[in-house]
Amino acid sequence: MSTHFVKVTQPTSKLVDIFNRWENDPDLIPLTRRNSNQSELESRQIVTLENLAQRLKRQYLYLIYDDNHLIGEMNYMIDPNHLYKKEPGTAWIGITIGDSKGRGRGVGYEGLQYLEAKIKESGLKRIELGVFEFNIAGQKLYQKLGYKEIGGIKDFTYYQNKMWSDIRMEKYL
């Protein structure tokens, strides 16, 4: 496996198709977006070329490749309103390994190290993220990379017939 990363500067129709697949994958929806109830959990969202162009105005987006096969994406934004700890100069990160062949192989670990280096290069000193309470693998990954829990938001997302907390974590670079 040869993992590499590519910054997205211009959305393409092919990328829109892939994002539509990942963002509407029933296995990924509980991990990647907040859902208030069963109906939201089952809803599907359409990504358009315009949606992706708007996303690029507020996010730095990187594609994750295994050899020449696109397997995921990661991104960061600076000082979004949803930060738990409102500290200026904070990057909020997210990662999705959309292709199941890329999961459990260390791709997320490698990708996040790359993303952290890009964030540090940009002059930012702090990273914050949210990980759902039921996402134990995600929590372990972030802890392994040195993220510390700073709080949580109770009853944040719906999954498996109940509400779960969003655990907020941070790391200083």
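The buried residues of helix 6 pack against strand 4, helix 5, strand 5 and strand 7, where contact means heavy atoms within 4.5 Å. Helices (H or I, at least four residues) and strands (E, at least two) are DSSP runs, numbered from the N terminus. This is a predicted model, in which local features need pLDDT of at least 70 and side-chain atom pairs count only at pLDDT 80 or more, while totals for chains, interfaces and linings use all residues. Residues are numbered from 1 along each chain as its sequence is written, and side-chain values use heavy atoms, with hydrogens and water left out.

**Helix 6**

- Helix 6 (residues 136-144) has Gly-138, Gln-139, Leu-141 and Tyr-142 as its buried residues, and these fall within an arc of 160° seen down the helix axis, so they line one face of the helix; the arc is that of the directions from the helix axis to the C-beta atoms.
- Buried here means under 20% relative accessible area, exposed means over 50%, and partly exposed lies in between (1.4 Å probe, protein chains only).
- The exposed residues Ala-137, Lys-140 and Lys-144 are carried on the face of helix 6 turned away from its buried side.
- Gly-146, which follows helix 6, has a positive phi near 95°.

**Strand 5 and its partners**

- Strand 5 (residues 126-132) has six of its seven residues buried, so it is largely enclosed by the rest of the structure.
- Strand 4 (residues 90-96) pairs with strand 5 in the parallel sense over three bridges, where two strands pair if DSSP finds at least two bridges between them; Trp-92 has Glu-128 in strand 5 as its bridge partner.
- From strand 4 the chain passes through helix 5 (residues 107-121) to strand 5 in a right-handed β-α-β crossover, a term that applies if, with the strands pointing away from the viewer, the path from the first strand over the helix to the second runs clockwise.
- Strand 7 (residues 162-172) pairs with strand 5 in the antiparallel sense over seven bridges, and Arg-168 in strand 7 is the bridge partner of Gly-130.

**Aromatic rings and charges**

- Nine aromatic pairs are found in a search of the whole structure; rings of Phe, Tyr and Trp (its six-membered ring) pair if their centres lie within 6.5 Å, and planes under 30 degrees apart count as stacked, over 60 as edge-to-face and the rest as tilted.
- The rings of Tyr-142 and Tyr-147 have centres 5.9 Å apart and planes at 75°, so this pair is edge-to-face; Tyr-142 is buried at 10% relative accessibility, and Tyr-147 is buried at 2%.
- One aromatic cluster is formed by Phe-132, Phe-134, Phe-156, Tyr-159 and Trp-164.
- Arg-34 lies over the face of Phe-156 at 4.1 Å from the ring centre, and the charged end of Arg-168 sits over the ring of Phe-156 at 5.9 Å from its centre; a charge sits over a ring if NZ of Lys or CZ of Arg is within 6 Å of the ring centre and within 35 degrees of the ring normal.

- Asp-79, in the loop between strand 3 (69-78) and strand 4, has a positive phi near 50° and is partly exposed, with a relative accessible area of 36%.
- Asp-155, in strand 6 (residues 148-159), has a positive phi of about 50° although it is not a glycine, and it is exposed, with a relative accessible area of 53%.
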